Amino acid sequence: WRPSNDNIPRNMSKDYHVLGGEAPEAAANVQKSKDIQAFVNIIKSFVGVGVLALPYAVKQAGLYSALIAMLLIALASNYTIKTLVMCKNEIISRKDFDSSSVNGDGDHLVSNDPHDAPVTYGGIGQYLFGKKGLYLVNFAIISSQLGFCCAYVIFIGDNLHSIFPTLSLNIWVLILFPIITLLSWIRNLKYLAPTSIFANCALLLGITAVLYYGFSQIELQPSYTFLHPSTFPLFFGTAVFGFEGINLALPIESSMLHPERYFRLLDIAMTFVALLYMFVGASGYLCFGDAIEAVITLNLPTGHVFVVLVKIALVSQLICSYPVQLFPVSSIIETAFLHRTTPYVEVIRNVLRTLLVAATVGMALFIPYFDLFTALIGAFSNSLAAFIFPPVFMLCVFKRTLSWPVIILNIVVFVVGLAASGVSSTLAVKNIVHCLANRDACSH
């Protein structure tokens, strides 16, 4: 089986390309987006449910160090996204570039016409390091997507439990399982496209509700400690989880009518995202103080009709977004192992997607800690894609032309990203193990 336009709608073909998959015909037919559309897509690629985890992350880091760190993470993300785009453009311009050299098993680097379809993130890895490069990038992105799905399940379960406390989080997650399983069987995600506007409105409503009720409790006195060294690494993972947007950088840039304007739009969008994250993170923490919950919607007063509606809206949009997050994972696995001639191929596809959903639900039941899960995914998977691979690609693609300051900058980004990823991932795993051994001492 190979995906086609019927299986990968216009808005989702770009997501699939991130994984280094095929679907060249889908890419060739993607309608070019105007600047305003590209700008909105850039914003949407960053802003998600992770923004609601930032106030608790600020508590872990310390107010002032968190603000400084978020600014630095935004600058680093902006730079690595640009390096990835520059690597893609340089590869396409090379005389030795030949898309046919990597089209043996569905892992196409580009379409038949390299000017009509984008080089993928995984494709850059394959061009530089062969199949190992492709697999490493795909591993980072697939683990990120599965991590997002697990975080969604935990967030949904926590909020439903807060609305209907008679049922435990585990029961709500089990009730959720058949619903998201059926949604994951949808072949054409265009049927979920109308939920995109609803998702944006729900998230905006959630942020508004948190700030509205939070500022009414501003008399709480949070700690103004500059830095909490013991928990700062967990903040790093959660912040990177929120700033994760590099996976869609190449598809968005390639889909633009004027791709040469991408960097300028990225600068504006990243400035907006950084200011939004700093404002929400600091405001949420200042409002609720050290009583802030890992899922900040749990700090909202219970029994208020508006609060219940906000939580239901957030839960609904995440349920609809879940299959979108799972889609790239199921697509690359199906492309690698299934063919049109495979007996009972549609049944096998449903079984595969059911198993993927079961894996994310099982992980959410096993590790029902939203803060630790987002910290681990951000520190490990997201850091690989955002801060470790791009500088390596940059140094390899432009190794003969880079100036020493640029070389040093990329080495610094790589070393700092690798060190921060290692420390943060280790601490997240350590805390998860502690919570699993002492479940009563850890809150969801």
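**Helix packing in a predicted model**

In helix 6, Y121, G122, G123, G125, Q126 and F129 make contact with K131, K132, G133, L134, V137, N138 and I141 of helix 7. Sorted by class, this contact of helix 6 with helix 7 comprises 5 nonpolar, 6 polar and 2 charged residues. The model is predicted. Its chain has 444 residues, with a secondary structure of 16 helices and 0 strands.

**Helix 6 and helix 7**

- Helix 6 spans residues 121-129 and helix 7 spans residues 131-163; their axes come within 6 Å and cross at roughly 150°.
- Angles over 145 degrees count as roughly antiparallel, so helix 6 is roughly antiparallel to helix 7.
- The crossing of helix 6 past helix 7 is right-handed.

**Helix 5 and helix 15**

- The axes of helix 5 (residues 63-93) and helix 15 (residues 370-397) cross at roughly 40° and come within 9 Å.
- Because of this angle, helix 5 is oblique to helix 15.
- Helix 5 passes helix 15 in a crossing that is left-handed.
- From helix 5, the residues in contact are I73, A76, S77, T80, T83, L84, M86, C87, E90 and I91; from helix 15, they are A386, F387, P390, F393, M394 and V397.
- This contact of helix 5 with helix 15 has 12 nonpolar, 3 polar and 1 charged residues by class.

**Whole chain**

- Buried residues make up 56% of the 444 in the chain.
- Among contacts with a separation of 6 or more, 83% join residues 24 or more positions apart.

Methods: Residues are numbered from 1 along each chain as its sequence is written. This is a predicted model: local features need pLDDT of at least 70, side-chain atom pairs count only at pLDDT 80 or more; totals for chains, interfaces and linings use all residues. Side-chain values use heavy atoms; hydrogens and water are left out. Axes are lines fitted to C-alpha atoms, for helices over the stretch in contact, and angles run from 0 to 180 degrees between N-to-C directions. Helices (H or I, at least four residues) and strands (E, at least two) are DSSP runs, numbered from the N terminus. Angles under 35 degrees count as roughly parallel, over 145 as roughly antiparallel, 65 to 115 as roughly perpendicular and the rest as oblique. A crossing is left-handed if the near helix is turned anticlockwise from the far one by less than a right angle, and right-handed if clockwise. Contact means heavy atoms within 4.5 Å. Ala, Val, Leu, Ile, Met, Phe, Trp, Tyr, Cys and Pro count as nonpolar, Asp, Glu, Lys and Arg as charged, and the others, Gly among them, as polar. Buried means under 20% relative accessible area, exposed over 50%, partly exposed in between (1.4 Å probe, protein chains only).
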